[in-house]
Amino acid sequence: MISCEKAAIICNKAQYREATFIEKLKLRFHLFMCKTCSKATKKNTQLTSLCDKANLHSLTEQDKLKMKEILQEKD
């Protein structure tokens, strides 16, 4: 069985569709055996779902640079 730390990494990869089939199988087995990780995975999935529904976006690199310049001018 994989460790809880490894399960967390695979869980994150799976949410972004980056986990392999074997990793997903290992994760499912771990979640079946470890109720703590199972609960954490459900909460993480709910958070991801809420973020998707909220249509959140990060700043573009250009916007980040522009913001940085504005903040530096204020100093």
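Q: In which helix do Glu61 and Lys64 both lie?
A: In this predicted model, the side chains of Glu61 and Lys64 meet in a salt bridge, at 3.4 Å from N to O. The two residues sit 3 residues apart, about one turn of the helix. The helix they both lie in is α4 (residues 61–74).

Q: Is Glu61 buried or exposed?
A: The cut-off for exposed is over 50% relative accessible area. Glu61 comes in at 55%, while its salt-bridge partner Lys64 is partly exposed at 40%. So Glu61 counts as exposed.

Q: Which residue forms a salt bridge with Glu23?
A: Searching the whole structure turns up 2 salt bridges. In the one with Glu23, the closest N and O atoms are 2.8 Å apart. Glu23 lies in helix α2 and its partner in helix α1, so the pair ties together parts that are 10 residues apart in sequence.

Q: Which element gives the largest share of the largest nonpolar core?
A: That core has 9 residues in all, among them Ile10, Cys11, Leu27 and Leu31. Two elements give two or more residues to it, α1 (4–15) and α2. The largest share, 3 residues, comes from α1.

Q: Which residues is Thr41 in contact with, leaving aside its neighbours within four places in sequence?
A: Thr41 lies in helix α3 (residues 35–53), and at 16% relative accessible area it is buried. Cys11 has Thr41 on its own contact list, along with Leu27 and Asn44. For Thr41, the contacts are Cys11 and Leu31.

Q: How many disulfides does the count come to?
A: A pair of cysteine sulfurs has to be within 2.5 Å to count. The sulfur of Cys34 is 3.6 Å from the closest cysteine sulfur, in Cys37, so that is too far for a bond. For Cys51 the closest cysteine sulfur is in Cys11, 14 Å off, and that's too far as well. The count comes to 0.

Q: Is Cys34 buried or exposed?
A: Buried means under 20% relative accessible area. Cys51, at 32%, counts as partly exposed. Cys34 has a value of 13%, so it is buried.

Q: What is the area of the nonpolar surface patch made by Met1, Phe29, Phe32 and Met33?
A: One of its members, Met33, lies in helix α2 (residues 21–33). Met33 is partly exposed, with a relative accessible area of 47%. The patch made by Met1, Phe29, Phe32 and Met33 covers about 500 Å².

Terms used: Residues are numbered from 1 along each chain as its sequence is written. This is a predicted model: local features need pLDDT of at least 70, side-chain atom pairs count only at pLDDT 80 or more; totals for chains, interfaces and linings use all residues. Side-chain values use heavy atoms; hydrogens and water are left out. Helices (H or I, at least four residues) and strands (E, at least two) are DSSP runs, numbered from the N terminus. Buried means under 20% relative accessible area, exposed over 50%, partly exposed in between (1.4 Å probe, protein chains only). Contact means heavy atoms within 4.5 Å. Patches are made of residues with over 30% relative accessible area and no salt bridge: like charges are joined within 9 Å, nonpolar side chains (Val, Leu, Ile, Met, Phe, Trp, Tyr) within 5 Å. Accessible areas come from the Shrake-Rupley method with a 1.4 Å probe; for residues, only the protein chains shown count as cover. A salt bridge is a side-chain nitrogen of Lys or Arg within 4 Å of a carboxyl oxygen of Asp or Glu. A nonpolar core is a set of buried Ala, Val, Leu, Ile, Met, Phe, Trp, Tyr and Cys residues joined through side-chain atoms within 4.5 Å.
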